[in-house]
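Dear colleague,

Please find below the structure that I am handing over to you, together with its sequence. My findings follow directly after it.

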Protein chains: 2
Amino acid sequence: MNPNPIQLFDTESSTFTYILNVPGTKDAVIVDPVDHNLDRDLAHIARLGLHLQIVLETHAHADHVTSAGKLRELTGAKAAVPSGCGIPPAEMQLNDGDVISFGDGETIQVIHTPGHTAGSMSYLWRGNLFSGDTLLIDGCGRTDFQSGSAEALYDSVTGKLFTLPGATRIWPGHDYKGQSVSTIGWEREHNARLANRSREDFIVLMNNLNLPRPRLIDVAVPANRNLGLPHG
Amino acid sequence: MNPNPIQLFDTESSTFTYILNVPGTKDAVIVDPVDHNLDRDLAHIARLGLHLQIVLETHAHADHVTSAGKLRELTGAKAAVPSGCGIPPAEMQLNDGDVISFGDGETIQVIHTPGHTAGSMSYLWRGNLFSGDTLLIDGCGRTDFQSGSAEALYDSVTGKLFTLPGATRIWPGHDYKGQSVSTIGWEREHNARLANRSREDFIVLMNNLNLPRPRLIDVAVPANRNLGLPHG
């Protein structure tokens, strides 16, 4: 049976943080924690009696700062990050096809899904896909900064993520419309940006979004490359 | 293994709605859906490919209107409500000790937990407790209106809910501080209102909260007694 993760939301940056844990066990992984939610996240770990083993990042975020470094200090967890995101302090530098192990035989598959950033990874655990800012519910991450590429994102989603089983649950890195979870089957058929759209059309679409520059990018990216800790 | 529910949040009334579903099956129950989130909730059911069988209410809410009636019309689900809450249109009138069945042998235990209202129920599914407005994370529901009773709430929580296994996960009806989930073990030891407090002290505490009257009570309670549908 595939347990849902525990989904936590940051109202300030509309970021989802996830706690992965097989109910009945203490072993846990946290995905994409946010700095100002450190106390909230530690409280959940305490209330559920969990042993945090790994702090997992999908990419070097431009819109919020991670609490990975502090969580690591306070819990003894290891930090695991995409090797291509320039986050040298992390113990585990992940590459496409790697398998992360935790707890009693639990495994997380690492899928390199460049496009939002060149290093972005998605993670698959027991039928649950943590898609970061690559594939969102009825949308996708932007591709116009920080080594982004519309071409790469199209290939990552259509060539890798959309080939997963249709019932795979998608837990995105953000949502701005109150949505929480979707499936590969639904997004493959209905995603407003990626379903039934040619690569050429997608590139034109993405290159004409004219989005504002993220307010926190100049602070967040350098901070996240140090796991959210001050540069010493 | 005990799967977590899918937890959805209403930012307007800070209400949690839950979708109960064993991943890998289509059968689902929704708990405490909110009227203005009808489209969001239907979208989740569609994206996950679920077959909604039961709409379950913990009580007749005073702070928001249910979408139970509309969900029932649109999906064919049955409405299940506490028998003591005066909601006559619901097919299933639940009493303490009842067992609700859905899907392939799934069962939900019905626990009468009066106190927030005289009819309030909590529901237990696979180690997950849906505690409505009876037991909240580090708190409890108010007891000063709509047949509420501090005495009854104390007895419900300490005499019934706190006797469940410590690892039981608590999924409350509301949270106002960004918390999502707790456990019986944690609340039994640490709940600010109920842990290590005598019945007498609790009654004094609750009777002196001096909370404002809920803004929507005169609209919401009559509406919820008709499953959120207009009175014909």
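In helix α3 of chain A, which spans residues 150–159, the buried residues are A150(A), L153(A), Y154(A), S156(A) and V157(A). Viewed down the axis of α3(A), these buried residues fall within an arc of 165 degrees, so they line one face of the helix. The partners of the buried residues of α3(A) are β11 (135–136), β12 (139–140) and α5 (199–207) of chain A. Please bear in mind throughout that this is a predicted model.

As to annotation, the unreviewed UniProt entry places the feature "domain: Metallo-beta-lactamase" at residues 14–174 of chain A.

E57(A) is located in the loop between β4 (51–56) and α2 (68–75) of chain A. Leaving aside residues up to four places away in sequence, E57(A) touches D32(A), P33(A), T66(A), A68(A), A80(A), V81(A), P82(A) and Y123(A).

H44(A) belongs to helix α1 (residues 38–47) of chain A. H44(A) counts as buried because its relative accessible area is 0%. With residues up to four places away in sequence again excluded, H44(A) touches L8(A) and I19(A), as well as G178(B), Q179(B), S180(B) and V181(B). The side chain of H44(A) reaches the backbone nitrogen of V181(B) at 3.4 Å.

Finally, I draw your attention to two backbone angles in chain B. Most residues other than glycine have a negative phi. R126(B), which is not a glycine, has a positive phi of about 50 degrees; this residue lies in the loop between β9 (121–125) and β10 (128–132) of chain B. L227(B), also not a glycine, has a positive phi of about 60 degrees and is found in the segment after α6 (217–224) of chain B. Is each of these residues buried, or partly exposed? R126(B) is partly exposed, at 27% relative accessibility, whereas L227(B) is buried, with a relative accessible area of 1%.

Yours sincerely

Key
Residues are numbered from 1 along each chain as its sequence is written. Chains are lettered from A and ligands numbered from 1 in the order in which they are written. This is a predicted model: local features need pLDDT of at least 70, side-chain atom pairs count only at pLDDT 80 or more; totals for chains, interfaces and linings use all residues. Side-chain values use heavy atoms; hydrogens and water are left out. Buried means under 20% relative accessible area, exposed over 50%, partly exposed in between (1.4 Å probe, protein chains only). Helices (H or I, at least four residues) and strands (E, at least two) are DSSP runs, numbered from the N terminus. The arc is that of the directions from the helix axis to the C-beta atoms. Contact means heavy atoms within 4.5 Å. UniProt positions are given in the numbering used here, feature names are shortened, and annotations may be inferred rather than shown by experiment. A polar contact is a pair of N or O atoms within 3.5 Å; within protein, one must be able to donate a hydrogen and the other to accept it, and residues adjacent in sequence count only if both atoms are side-chain atoms.
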